[in-house]
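Please read them with the structure open.

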Amino acid sequence: MSGLYNVSAAPHTRSPITTKTIMQDVIIALIPACLFGIFNFGLRALIVILATVLTCAVTEYVYCRLMKKPVNPWDYSDVVTGLILALNLPVSIPIWMAVLGGVFAILIVKMLYGGLGQNVMNPALAARGFLMISFPTRMASFALEKISSPGLKDYLRDGALVLDGVSGATPLGQLKAGETVDLLKLFIGHVGGTIGETGTLFLLLGAAYLVYRKIISLRIPLSYILSFAVFALIFGGKGFDSNYLLGQILGGGLILGAFFMATDYVTSPATPKGQIIYGIFLGIMTGIFRIIGSGVEGVTYAILLGNLLVPMIDNLTRPVAFGRERAKNGK
Amino acid sequence: MAKLRFKGIHIYDGKNLSKDKPITVLLPKGDLVFPLLQHAGKPARPLVSKGDQVLVGQKIAEADGPVSANIISSVSGTVKAVEKRLTATGRMVESIVISNDNEYKKTEGYGQERDYTKMSKEEIREAVKEAGIVGLGGAGFPTHVKLSPKNDEKIDYVIVNGAECEPYLTSDYRLMLEEPEKIIGGLKILLSLFKNAKGVIGIEDNKPEAIENLRKLAEGENKIEVKVLKTKYPQGGERQMVYTLTGRKLNSDKLPADVGCIVCNVATVAAVYLAVAKSTPLTHMTVTVSGDAIAEPQNFRVPVGMSFAELVEAAGGFKSEPEKIVFGGPMMGTAMHSYDVPVTKTTSSLLGFVKDEAAVAESACIRCGKCHEHCPLNLMPIRLQMLALNNNLEMFEKNYGMECCGCGCCSYVCPAKRSLTQTITKTKQQILAKRH
């Protein structure tokens, strides 16, 4: 017998799943949408993606260094934030705006609130909201076609200058104006929108991967989409018009939001019941913003608003322990 | 197949290492150490002192108070000392040390056949008490106390726990394969105590041979049924077992007897059989020695009091230096800095692991909710940990912290590797200590 063996309280075994592997899975799930964004909108999309991811990673590192906080082993959560932020931006956005968004997401929304797990709002979405308020026109000019430009220098220039595609109405804009939309185009993503929100097929592919890997459950996305659909059915004024309903579901940021942003662990309820309540709340709010409000989009603000209610929802849906149900309900 | 479900985890079970190794009988070489506390409750009171001669089957310490248990010598020889010794719980416990004369002289009447049908209930309970039987599943609750509920007639289930849901452990499995008649025999004795009860043996579906074996033996016994359980940790937990087999829910204030159930581990039932029908007190344990650091994982039949160091040697020693030694299963067992400790009634295994998976740093909670998703008691472990760390004991109790059974699922699944079970268990103990 040599030396002493490790001593610790039970359990002595741990699952191989770590925060890092979860973040890796989310990154893998976002890759199809990213690739499609690049294919659809051209190389400039890649530059936007790289800019936000790099900004997020550097911001977190520099913050920890300056504040003399321990630089934790890299868990990739900053990469996820950067990716989601990029997917939420129009391809024509000036790079400095994308960088500003990344700094805002990590510095203001995440780190100042205490870092990973402590942020009240989803960092990428809060940054999108911040950019939408600060630069409303630039955040709403969407390319319909690939941005083609001859040289690298042009890629780095202000995106709007190199826009030769048609900068036109998004599907939601068309619906709002009472027009119909081409559903097939919506599904394969050949429409206007942010880098990541148009490729429904590719988003669903990534979402399926997350569900398969048990990273997310369908509780939030399904209750969100279904309650929104019901809202649109009742208040959309079109009755059961499949073009309108599907257009509403596939046309904006709903799929991206429901599967990748509303399911963010940190800013969504942890109890199954709470998750369904949360999803329904998001659906109704999105409906109000999109259909009753004057805007065309509503996902961003609906989720941000939902984020703020999470502590309350968690409190209201506190689980009752096994074998204690009657004690609580009986009285 | 039992239909009712509970939350919990699916986990690598490591049972292949030792499940096909028959039980090998080992004789002790060195001194035998009998801690006076190897059960739940009060330590036993020693009946022998230094220099006394003892026999196999002799009571060397007797139950002190209602919740305590006798301790029986497993060898013959001389009492060398009564002193504090290190046990697998990590504590120094007053122990009787016996120097083995290797003659195995038995007490009078040891091993005599008895017809339990001719024994009164009191005689059966007395035999169980005299034999020093305690819950061999690990909790060590004195069995004679468990078998004496307030009202025998209200017991309608005697549940035999053959789940063995802890990874790596195969001693119960081997017992079900090699000595099923003892289990059925023991169950029949228990059923004779409770006339309204039927016997149910619950076995996880990853042990088909054991299920088949016991089913064959139970044929024609109209009061005994073998039920297949889904393999999931912690199926063998008392509350999960009672729930999946009867649909009745227990909380931390209730004993199984309160909902008409008596739950015993298979090894305990076999011990009851030996004690009642064969006049053989509890002197031997079936023990698994396994883990990736052990050269030849094995199942042994060894006398209580034998040093685990001898068991490790008999299993070929370590093939590579372990980082961690665990007594019991990896989910709920105790890690020890040394393995030169005696086999007791509550240690059914020694596991040696090359790598200590628990030696990881905690990181920030990302609120994934997995701890709640897998908690078999539907608790919110991360919330309990936060409350415990803030020393908010009142809210800890309001959030059902005292219900935790310490199964370890939350710590196992946590991606941030937070010490959830550990903090909750410690806080529970703090609160319990304050209550007394």
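Where in chain A does UniProt place the feature "transmembrane region"?

1. The unreviewed UniProt entry puts that feature at residues 21–39, 95–113, 187–211, 218–237, 243–263 and 275–292 of chain A. UniProt positions are given in the numbering used here, feature names are shortened, and annotations may be inferred rather than shown by experiment.

2. This is a predicted model, in which local features need pLDDT of at least 70 and side-chain atom pairs count only at pLDDT 80 or more, while totals for chains, interfaces and linings use all residues. Residues are numbered from 1 along each chain as its sequence is written, and chains are lettered from A and ligands numbered from 1 in the order in which they are written.

3. Chain A has 16 helices and 0 strands; helices (H or I, at least four residues) and strands (E, at least two) are DSSP runs, numbered from the N terminus. Residues 21–39 of chain A are 100% helix, with end C-alpha atoms 27 Å apart. Residues 187–211 of chain A are 56% helix and 0% strand, and the end C-alpha atoms there lie 20 Å apart.

4. Of the 331 residues in chain A, 49% are buried (20 or more other C-beta atoms within 10 Å of the residue's own, with C-beta atoms placed from the backbone).

5. The contact between the chains takes 32 residues from chain A and 50 from chain B; two residues are in contact if their C-beta atoms, placed from the backbone, lie within 7 Å. On the chain B side, the elements giving two or more residues are strands E15 (324–327) and E16 (334–336) and helices H12 (409–413) and H13 (420–435). That side divides into 25 nonpolar, 15 polar and 10 charged residues. Here Ala, Val, Leu, Ile, Met, Phe, Trp, Tyr, Cys and Pro count as nonpolar, Asp, Glu, Lys and Arg as charged, and the others, Gly among them, as polar.

6. Within chain B, the axes of helix H4 (residues 180–193) and helix H7 (residues 266–277) come within 7 Å and cross at roughly 75°. Axes are lines fitted to C-alpha atoms, for helices over the stretch in contact, and angles run from 0 to 180 degrees between N-to-C directions. H4(B) is therefore roughly perpendicular to H7(B) (65 to 115 degrees). The contact includes B:Ile183 and B:Leu187 of H4(B) and B:Val269 and B:Tyr273 of H7(B). By class, this contact has 12 nonpolar, 2 polar and 1 charged residues.

7. Chain B also holds an open sheet of 3 strands in the order E3-E5-E6, with antiparallel pairing; strands pair if DSSP finds at least two bridges between them. Strands E3 (45–46) and E6 (71–72) of chain B are the edges. E5(B) (residues 59–62) is joined to E6(B) by 2 bridges, and B:Ala61 stands opposite B:Ile71 in E6(B).

Conventions:
Angles under 35 degrees count as roughly parallel, over 145 as roughly antiparallel, 65 to 115 as roughly perpendicular and the rest as oblique. A residue is buried if 20 or more other C-beta atoms lie within 10 Å of its own, exposed if 12 or fewer, and partly exposed in between; C-beta atoms are placed from the backbone.
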